[in-house]
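This report looks at salt bridges in a protein model. Please have the sequence and the structure at hand.

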Amino acid sequence: QVNNMVVNIIEDFGRIDILVNNAGVNVGKEGRVPIHEFRETDWQRIINIDLNGVFYCSKAVARHMVKQKSGKIINISSIVGIVPLRLQVAFAAAKAGVINMTRAMALELAPYNICVNCIAPGSTLVEGTRELFYSNPRIADSLLSHIPLKRAAEPEEMTGAALFLASEDSDYVTGQVIAVDGGWTCGFARDW
């Protein structure tokens, strides 16, 4: 399917300049259990979409970017790939894998003038996070206590990083991870 998609895009547009790998899934409340209880079906589903999807799409598109000697690949990871959270072993593994795959791809594709970078979103207000976290004030307060800006991101707040990485302004940026997380990964702000 991925290879067919790329062939169709090349036929319609002649080239691919930018790839954004943005697919991602996780488990819901019922699936948030420690590793010894984690369902193998959830592991396979998350790894297949969140990690393997980046590999297959990047591989197919990179073939064409190598021929044209230019391109931008932007992978979407998560802060969970930087700072793992409990009860999400597959998501943490997949998103950490995306970060290191980004760096490996950047090294391999740099000779062809292809920049590969990663965005690591923090807690973002989408339907799933509203249901899991923000509909319960106790959980929301606990989560927000880890974010120095004291709020979740709006989905639109991810676009600035993506536009920068897709633009000529980032032509000398490759192999980097930009955390768009309200300060979550800079450390916990404690007064003691």
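The sections below cover the basis of the model, then the salt bridges and the exposure of their partners.

## Basis

This is a predicted model, in which local features need pLDDT of at least 70 and side-chain atom pairs count only at pLDDT 80 or more, while totals for chains, interfaces and linings use all residues. Residues are numbered from 1 along each chain as its sequence is written, and side-chain values use heavy atoms, with hydrogens and water left out.

## Salt bridges

Side chains of opposite charge can pair when their charged atoms come close. A salt bridge here is a side-chain nitrogen of Lys or Arg within 4 Å of a carboxyl oxygen of Asp or Glu. The structure contains five of them.

## A link between distant parts

Asp 171 and Lys 72 form a salt bridge with an N to O distance of 2.9 Å. This pair connects distant parts of the chain, 99 residues apart: Lys 72 lies in strand E2 (residues 71-76), and Asp 171 in the loop between helix H6 (159-166) and strand E4 (177-180). Helices (H or I, at least four residues) and strands (E, at least two) are DSSP runs, numbered from the N terminus.

Lys 72 is buried at 8% relative accessible area, whereas Asp 171 is partly exposed at 43%. Buried means under 20% relative accessible area and exposed over 50%, with partly exposed in between (1.4 Å probe, protein chains only).

In the salt bridge of Arg 15 with Asp 17, the closest N and O atoms are 2.8 Å apart. Arg 15 is partly exposed at 37%, and Asp 17 is partly exposed at 36%.

Glu 157 pairs with Arg 151 in a salt bridge, the closest N and O atoms being 2.8 Å apart.
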